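This briefing is meant to be read beside the sequence and the coordinates.

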Amino acid sequence: MISLENVSKKFGTGVFAISDISLTVERGEFVFLVGPTGSGKTTIFRLLIREIIPTQGSVVVNSFDVIKLPNKKVPDLRKMIGVIFQDLKLLHDRTIIENTILPLEVSGVKRKEAAARAEEVLSQLGILEHKDKFPVQLSGGEIQRAAIARALTLSPQILLADEPTGNLDDETSWEIVKLLSDINEKGTTVIMATHNADIVKRLNKRIIELKAGTVVNDRKGHKVNHKSSEKDEKEKPAVTEESRKSTETSSFAKASADKQNREQSETDPKKEEHLREKDKKAEDITSDFEEALK
Ligand SMILES: Nc1ncnc2c1ncn2[C@@H]1O[C@H](COP(=O)(O)OP(=O)(O)O)[C@@H](O)[C@H]1O
Ligand SMILES: [Mg+2]
């Protein structure tokens, strides 16, 4: 279980990357973390693996109080969480199998055992045939698969995928998302950060929407079951069409109020121009997500 309670993170520059975020993700959930660039998605991931410490609030992952965790326990926390970084962080002077073996080596797994495990994951992800190639010799989709393989070698309970479809065409993006969904079906909690509204539209999963560092919407997904029964009706999320619309309206209303407040407080024309551009981008993406939520 992942829990953030009233979490804020202010960077040295004075920027609040996230402000007063509270959310819970249950074990085994699949969650899309959506929002425009700069809305705080990566910051949340960095907080979960204790790459950074929040300015305020509490972060709990399973039994770990992430903020109070002694340094020597941080590797235990990180073993539970596989991360597919936005910039992948694959080592370019090592082959795919060497990259996949790395987390195992660092955790002290013996070379032979590590190699066998790495081959197993590469085969699960359909890229075993590329194991002796260097990252530069692979296609975008294959590289993304290699990054997923490396994140999975230690069989983490939680998988964080930061914009894993960022540089991929539609078809390859869809393959990667289906792969993450399969991994989730086998029991791993998956949180995928994205600003790809098309992908989000195609899967009926929970969507947590961020805007300027706050949660503006949290829509539960539900399993589409064509053999509808009374039991299924009962299991449907408590969010009715009406309550959902009203939540959306209120969150979008809040976002536009924030925008107004900012506009009133800003007088520097350059800053205003920058904010207008930012808001325009946010509006475009928000309308894509409004579409997705219909
Ligand atoms: N290390 C940092 N120092 C200063 N500001 C940062 C830092 N990291 C992120 N930010 C700022 O925090 C906000 C959220 O960033 P981030 O979490 O990377 O957003 P996202 O992943 O949604 O694009 C942005 O305004 C960004 O510029
Ligand atoms: Mg990011």
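A residue is called buried here if 20 or more other C-beta atoms lie within 10 Å of its own, and exposed if 12 or fewer do. The model is predicted, and the points below are grouped by topic.

**Helix H5**
- Helix H5, residues 140-152, has 13 residues and reaches 19 Å from its first C-alpha to its last, which is close to the 18 Å expected at 1.5 Å a residue.
- Eleven of the 13 residues of H5 are buried, and the helix is thus described as mostly covered.
- The buried residues include the charged residues Arg-145 and Arg-150, and among the others are Gly-141, Ile-143, Gln-144, Ile-148 and Leu-152.

- The residues around ligand 1 are Phe-11, Thr-13, Val-15, Ala-17, Gly-35, Thr-37, Gly-38, Ser-39, Gly-40, Lys-41, Thr-42 and Thr-43.
- By class, this shell has three nonpolar, eight polar and one charged residues.
- Helix H1, residues 41-48, supplies the largest share of the shell, namely three residues.

**Gly-187**
- Gly-187 lies in the loop between H6 and strand E8 (189-194).
- Gly-187 counts as exposed because it has 10 C-beta neighbours inside 10 Å.
- Although Gly-187 and Phe-30 are 157 residues apart along the chain, their C-alpha atoms are separated by 9.8 Å.

Conventions: Residues are numbered from 1 along each chain as its sequence is written. Chains are lettered from A and ligands numbered from 1 in the order in which they are written. This is a predicted model: local features need pLDDT of at least 70, side-chain atom pairs count only at pLDDT 80 or more; totals for chains, interfaces and linings use all residues. Helices (H or I, at least four residues) and strands (E, at least two) are DSSP runs, numbered from the N terminus. The expected span of a helix is 1.5 Å times one less than its number of residues. A residue is near a molecule or strand if its C-beta atom, placed from the backbone, lies within 6 Å of it.
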